[in-house]
Structures are given as structure tokens and as C-alpha cells.
Amino acid sequence: MGAVQVLSSGLSGVSGFAYGHQRYRLQRTPYTTWSGQTSVARLGTLGLGSEGLFISSPSSPFGSIRKKRLSKKLISRRLTAKMADQGEKSTSDVTSGYMIYQPILEDGIFRFDCSANDRDTAYPSLSFINSKDRETPIMGHKVPLYRPTFECLFGQQIVKFELPAGTSFYGTGEVGGQLERTGKRIFTWNTDAWGYGPETTSLYQSHPWVLAILPNGEALGVLADTTRRCEIDLRKESRIQFVAPSPYPVITFGPFSSPTAVLISLSHAIGSTFMPPKWSLGYHQCRWSYDSDKRVLEDRFPDPKSLVNDLHHSGFKAIWMLDPGIKDEAGYFVYDSGSKSDVWIQKANGRPFVGEVWPGPCVFPDYTQSKVRSWWAQLVKDFVSNGVDGIWNDMNEPAVFKSVTKTMPESNIHMGDDEFGGSQNHSYYHNVYGMLMARSTFEGMKLANENKRPFVLTRAGFIGSQRFAATWTGDNLSTWEHLHMSISMVLQLGLSGQPLSGPDIGGFAGNATPKLFGRWMGIGAMFPFCRGHSEINTVDHEPWSFGEEENNEVMECEEVCRLALKRRYRLMPYIYTLFYMAHKMGTPVATPTFFADPQDPSLRKLENSFLLGSIFVYASTMPNQRPDKLDCTLPKGIWVRFDFDDSHPDLPALYLQGGSIIPLGPPHQHLGETNPIDDLSLLVALDEDGKAEGVIFEDEGDGYGFTRGEYLLTHYVAELQASVVTLRVSEIEGLWKRPKRQLHVQLLLGGGSMLDLWGMDGELLQITMPSEQELYKLVSASEKQYRTRLETAKCIPDMEEVSGKKGAELSRTPIELRSGYWSLKIVPWIGGRIISMTHLPSGMQWLHSRVDINGYEEFSGTEFRSAGFSEEYSVIERNLEHAGENESILLEGDIGGGLVLQRQIHIPKHNPKVVQIDSSIIARKVGAGSGGFSRLVCLRVHPMFTLLHPTESFVSFTAIDGSKHEVWPESGEQFYEGNILPNGEWMLIDKCLGLGLVNRFNVNEAFKCLIHWGTGTVNLELWSENRPVSEQSPLRICHEYEVIGIP
């Protein structure tokens, strides 16, 4: 398997490097993962043995990066012109026009600047392997095919590329939502985005990069090479627009003949992925709340070194978590050491910044300094001596609790190296903080053992992070929407230079149903990085946790997980080879379907299929749709279906591209069991010309011997001539001798049928093709066997629906209300909350939450989360634009004492720009003994809105007495009532976007208003009067929302 992730927060201060400082001292459950007798026994049931309990972590095989020294004169000029918070103006006298260009690095790569002066004063590149490559022009005769325009306005540089109609957009790094990005806008600002959604505009990583596929199938890559907050606006068809503080250069790659060629060219600038240790490509299992080695070996880590030794003995690897926040506590050796060496990020007044994270008050290392990276690397080196196999860097956006921005102030100071841009405010270094931490961690692991490849897993990153670390897609949700979205997210990261990524299989937050988990495992087992991970207080999300032994039959979900993981281990020789090629050449590992034929526009928006090298993976991400019942859209050419006698309605269908040979291995229990003399299988699919080729890379699976030639790279070719297919070795590389092993050749014929031949690897092997009649019989028999296997397989039961009272609709599946202006998602379940409110013209998601907390809620009392918050709601009435009717839904929840809380949400046909909400507390069965009146109740409307730009957002209103108010985040919590109550309207304004969310209400119904600023959120609450209700006197608040432009 892959890795058990023991989230012990090593460097976080409390856990630290000394195990006497475990995180649980602060009642914070350490992240451990499973291992031990019970868990290992269940792995046996899965048919997986004991390889996979890794206590996971991130790493990367990359050495220290050479410092680039800048002249003192140039540094001085830069610091004078562009300290991060001084609202820098364009250094150019020109305010608009075409950008100037020069060729750099290699043929087809161009650098664009607004002026020669801007070129000279631009900050160093933190994305390039070597910043000097960006500064050094080369001789070239080509000119760029597409030349951008620019405009400098109020210190912002706006760059636009106009491309041909029919151009498709991809990339932009770690983003939710659709695969093809036309119509979307995002902001590069690394953000702790727990429970993000498809419209969330800033996630954990920043990649100011767009991959454009032109109508003719050629591809162009565009990089805005700035570390600052950058808006990537793709809302206008065939136009790319970047907006960021000026000046910054823009780099283009191509157009080249294919998107793969663009990604290879990009890797020459920003570097390719580190070569991962082979074990890290296995399955990883992690959970926040493996809080003891009793659960890991199934006691709070009294002896971590012994725990790791036990895991290693069972075939598992251990990955341990290190957060950047170091507990601000004199006497704690990490804090004392760092303070002595002056390594902490400073406030503007020169004192160390202290922010709260898991250990409590913390200080933060300034990784922009080489001395700090060395200090951290030495601590990591000592930490690894405990038997740590990998390190996981979490919370490194950096995330800070109890801060409206979710991070540290932008005015904080980093004393950065000259090669990075020198001393700058946090706004300059924010987006690269996670990458620099990962680099420091990687270097520390390499110091610990030069004969081991580091494995670092990082949550935050920047374009270029792939040189140091793998990544995952953050704190996702256990929903079908997030399952579907995980495919596009993994692909977008790959299209942005980061091939080693994957989601938390089954979802991090929430409880996955068996069907959701099984489907997700089937798809996730084919992702480059494969890990299950869930948060505390959720149901168990291990592969075996949904199964029970009944009459010696394994339950369906567990069986699907077993089959899925066996697939991954059979494909491991191929996956490892793909990563060698990615490391060596910069080629992608997993790609969208259209990579098979970039000229075919019908493939460009496919989101339920992808390519793993030459394997086409076709999956269903809908609960009621089986892959075998859907029409599969294949690219043109030959695609031959195959399986491992494991086809199942809840597993993806697999096809091999004609012309391909891929290597397979035995389904080992863990990768430590592999042996060079294991039987090797080759799966062969001939192309239209009867030919095929493929390659396998083999080495020790760890260490750096491969850089000295200690490996074997074998090229195989197959060719059909006169009814005989001949397979031979065409080329070899490396110093390794070929192992004496058997070779199993499987020639795919179609319909899942194949011809088998056994021989010795390295020898020429020949397979005689059957006659047409025999071939027809083989294919027919195989197709019949395939259909029978699918029809007789036990599907994972559908347990999505929750039974409601009196047959009312009650489900965790969101219902969407939609107009040309709004998309709302409402969950008719606990709380009946609105979990998403997206304004479509602007692309702004004003509200986003999980299904069981936050979002738009309503309470029935002045107490926070009083009745109404956790009650079951059912759908009473539902009209989703039938025959031109309004989009509307009526929900009702029983809040006890004969009362119901009723809410109607609708988008009126005559005014689709607004969302109207009519809420009431109604007396239904109030006893006569109470005089027909209920208990004292208050209708409290409690929406939690998301702040994209917390420091640039405020609430504005005019009060009943005519006074004008602007309420900013630093005001905390404020009540408004009486004459200072908003006069029927208040507005949440985002100055950066130039947008305002207007909330209009009836002042005769709302007696009090509350503004509460949270971490990256704000609540705008409306309170009714506080009184009993009867059948004749309900409490009611009617209000509406509309988005307007702010000049």
C-alpha cells in the first residue's frame, strides 16, 4: 500500500521535534493513521496485506537551489520602487499599448514586458528553476504569434491576450469547478479553504498560468510571473486577462503542435516533478483522529520510534506532519533555537508576529532567508532519525486562526534573500511561503539520508512546487459533486506542472456513503497520488470500514475497494514509468481526454474520463449511473477495452490506446514485496498499422542511483506481419542487467479478449493471429463473459436518501434553483440550509458551506444555533421553472412545541436578478392550556457570507435616523437597532471586485441587525422581535438579495 499518515504536527511547536511536546497537550488530537493487528487483519481481507500504513508526508528529490545575487544598485532601486504595501505605480511612463518581447531559454518561449524599464526593474522569478534564465535573452529568428496588450492603472498591470474564436482554456492550477475554464475568474492567493466549492475563487495554491488549446489543436501556455495576488479572468470567450500589481513579466510557451509539447517546454523553465520513491505511489491511508498507536496498531504515541519500527516490520511507511506555526513558548527547544537565530517573520514594528494555530499562540519561520531554510532543514534532519519516511507540510498558506483574512497581516516583513527579491512585505511572499517551506523540508530530508529520496506532501504551493513536493486538493467534502470535481482538479494541477496530486478519497469533511466511497476509490486508484483521508468526528473512511462479513461474503463496497487497489498495484510498473518520464522529460502523467486528439472540440469538456498515460479511464460520478450503461465517448483511433477479470458496475472502464505497450506487475500486498525477478506482463494494443511500442523503467525504487546510470530502461516494440505478431526489445538504457524472469505477453484483440504468450524477457517472442472466424468467436465469448460479470456483480447499495416523515422529501443531495443571474443550492436535510449562492454574471460565490453547518441558516431563538439549526427539514413545495413558473422551493422544519420554521426561497420570473426569501415561525399545534400561544421565540436569519478580499470588504448602510455607516472587519461584532437600524437595506461591498451584495428587508419585521466578522467570513443577521406566536400571529421576515456594481 502507500502510506499511513500519522499527523503528529512535528514542527508545529507543541508536537515539535521532541516527542515530549505532543500536540495533544492542547487537546488537539494528533493526526496518526492506522496500523496494527486489527487493521492489518482487515487488509488481509482486502487482499492487500500490510504495505500501506504509511504515516504520510511530503518530500522531493531536489537539491539546494543556487542563489542568484543581484547588484546592490538593482536591489536598492527595486526596494525604493516596489515595497509590497506602498501601492506601487507603474515604473513605465507608458500606460497602455502592446508589450515588448524578447526570446528566452529556448525556441518558442518569449518574455513580455510593458517597457524596457519594467524589464530591468522586475522582481526575480520564484517560479523558474534559475531566475537568470528569465533575464537572459537568446538569439532567435521567430516572433511571437500572439502579442498581448497592457494597461497600467492605479498601480495594477492589466494584460490581455486575444486568441482565435473557439479557443479552450485550462490550467490555472488548483481550482474547483469545470474542466474547461472559459467563463471563470480566479485569484491567486493561497487560502485555507476548508469545504470549498466549484465557485470558490482562491484555494490553497497559486498557479498564474493558463493553457490555451487553439481551434486547430495547437497549444499556447501563458505564465504571469508574479508572486503577488493575481486575477486570472477568462470570462470573455477566447480572451486571457491577468491583473496584478505592476510591473511583472508575462512568459509565453508556443504555440506548439500539442499541449504535451507546451508542458514539456514549461518544465524547462519551472522544472519537472521530483522523482518520487516508488513506495509513495502506493495507497496512503490517513485520518484526523488516529489518536493513538492502539488505533494505528489496533495506545497517544508513548514511543514513536517503536511505533514506526512496528509499521516498517509490517510493510508500512510512516509520514508525519510538520506545520509552520511554532508554539510561542520559552523553554520549548524549537522556539528557543529559532529565537536565538532570529528566524521568525516580523511585524511592521520589527517584533516577531504571533498568530494562533493548533498549538495556540505561534511564531512562524521566515523561509525566504537561506539561514532559516538551513535551520529548518537541520531540524528536519534530526526529526527524520525517528524513522520518518516522509513529511507532510500542512497549514502552510500560511493559515492563521482568529483572523478575518485567514492568514497573517500583509504588512508583516520577510527579510528575504536577494535572489528572491530581498526584504518585502508578506503580500509579496505569501503565495510562495508554502513552496519555500516544502523546499526546506525536502532539503532536510535529503540531509538525513542521501541514499533515500525525500517524500514531501504540501497543502500550499506555487507554480514550481512540483520540484519539491506532491500535493492534494485540500479539505474537500464527502459529496458526489466533489467526487466529480476531483477529476478536473487533479487534471488542472497536472496541466499546471504538478503531476503528483490527488484528492482525499471519500471526502475529508462529512460522511461518505458506501456507494460514494466505493465509486471514489475506483476512480482515485487511477489518480497519480492515491490517498484516503477524513476528518475527526466522521464515520470511518478506511477501504474496509463499509464492509462486514456475512455468510463468508465480503460486502459490496469493500469488494469494490479491494478490486480498485489491486488494479493500482498491477499497474504500478506503468505508473512508476510514467513518473520517471515526467521527472526526466516533463511529460504529464494524467491528462484530459482531449490530449488524445486536441483537434476534436467534442472532447474538450469531458469531465468523467481522463488518460493515465495511454490508458483511457471512463467513470461515472453520478450515483444512479453505471459506467457500463453510459455512452462512452472515445477519441478517434483504436481503443481496446481491457480489465483484470475485475469489471464491476461501480468501477471505471479501462481502454488501451492502439499502438501502446504497457507493463504490469503482480498485485503485491505492498511494494516492499516487489522483486526484480517477478514475472513481468506486457499488455499490447496494435494500431491501424499493426504496430505498438512501450517502455518500462526499473531501478531500486529509492535513492539516486538512477542518476548514475543504475537503472534499466527497456523499449519494446510489437509488429504484425503475415498473421504473426513479433515482440522484441528495440532499445535499452542503463547499467542494470536484465533480470532473468518470465515475460507474459497479452495481446488485446477487442471486446476484452486477448491472446496470451509466455516466454523469457529479452527474447524475441511471436504470437500467431487467429483466423477471422476464430477471432470473431474469441471476441464474442469475451463480450458475453464481460456482460455476465457486470450483470451478476453486486452493486454497492444506494443509501443516499434519508427517510423523511410522512413520505416528505428528505435528502443530503442539493436542490438547485437557477436563473440567468443566480445559482442556489439548498439541502432539504438537517437545517435545510442554503449551501451555495453564486451570482452567475460576476462568477462570485457569495455563500458556500457544507451540508450540515454554516451557509444560510435560521434559528428560532436569540441563542446561537437554537432550534432550527439542527432539525430535519422537508420539501413541501417545489417549482423548478416548469411552464415559465418562478424557480422556488418551500421547506419546513419542526422546531418543537407545536411550532414549525417555514422558509420559501424563490427567484421571481419578472425579476430574476434577485433572490427572495420569506421565512416564518408558525404555530401548528400549540396547546389550549397555553392560551394558544407558544413559548418565547425569535426568528433569527443567520447567513454566513464568504469574503474573497477580507481586508477590502465592508458593510455599508444608511440608518433610520439618516446616519451613514461603514462597518469594517476590525470592528468585530456589532448590533444595530432602534434609530440606527439599517433603513430597510444594507450592503456587503468588495472594493477589489467593485461589487456589492444588497440585502433589502422590511423594517417592520426586522427589529435588530447583527454584523459578525469571522475568519474570512461575515454574518449579516436579521432578528425579528422576541415574542410568543399563535396561529393568528406568526413571526415573519421577508427579504431579498441582489448584486450591483460599485463605481
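Reader: What makes H9 and H11 oblique to each other?

Author: Helix H9 (residues 370-384) and helix H11 (residues 433-448) pack at an angle of about 50 degrees, with their axes 7 Å apart. Axes are lines fitted to C-alpha atoms, for helices over the stretch in contact, and angles run from 0 to 180 degrees between N-to-C directions. Under 35 degrees counts as roughly parallel, over 145 as roughly antiparallel, 65 to 115 as roughly perpendicular, and the rest as oblique. H9 and H11 are therefore oblique. The crossing of H9 past H11 is right-handed, a word used if the near helix is turned clockwise from the far one by less than a right angle (anticlockwise is left-handed).

Before we go on, please remember that this is a predicted model, where local features need pLDDT of at least 70 and side-chain atom pairs count only at pLDDT 80 or more, while totals for chains, interfaces and linings use all residues. Residues are numbered from 1 along each chain as its sequence is written, and side-chain values use heavy atoms, leaving out hydrogens and water.

Reader: Which residues make the contact of H9 with H11?

Author: Contact means heavy atoms within 4.5 Å. On the H9 side, the residues include Arg373, Trp376 and Val380, and on the H11 side they include Leu436, Glu443 and Leu447. By class, the contact of H9 with H11 has 9 nonpolar, 3 polar and 4 charged residues. Here Ala, Val, Leu, Ile, Met, Phe, Trp, Tyr, Cys and Pro count as nonpolar, Asp, Glu, Lys and Arg as charged, and the others, Gly among them, as polar.

Reader: Why are H13 and H14 called roughly parallel?

Author: Helix H13 (residues 514-524) and helix H14 (residues 556-570) meet at an angle of about 5 degrees, their axes 8 Å apart. That angle puts H13 and H14 in the roughly parallel class. Among the residues in contact are Phe517 and Met521 of H13, and Val560 and Leu565 of H14. This contact divides into 8 nonpolar, 3 polar and 1 charged.

Reader: How do you know that H12 is roughly parallel to H13?

Author: Helix H12 (residues 480-494) also packs with H13 at an angle of about 5 degrees, with axes 10 Å apart. That makes H12 roughly parallel to H13. Leu483 and Ile487 are among the H12 residues here, and Leu516 and Trp520 among those of H13. The classes in this contact are 6 nonpolar, 2 polar and 2 charged.

Reader: Is Thr172 buried or exposed, and how do you know?

Author: Buried means under 20% relative accessible area, exposed over 50%, and partly exposed in between (1.4 Å probe, protein chains only). Thr172 has 3% relative accessibility, so Thr172 counts as buried. Asp342, at 42%, is partly exposed.

Reader: What is the phi of Thr172, and what is the phi of Asp342?

Author: Thr172 has a positive phi of about 60 degrees although it is not a glycine, and Asp342 has a positive phi near 55 degrees. Most residues other than glycine have a negative phi, and most peptide bonds are trans. Thr172 lies in the loop between strand S7 (168-171) and strand S8 (185-188). Asp342 is in the loop between helix H8 (333-340) and strand S18 (355-357). Helices (H or I, at least four residues) and strands (E, at least two) are DSSP runs, numbered from the N terminus.
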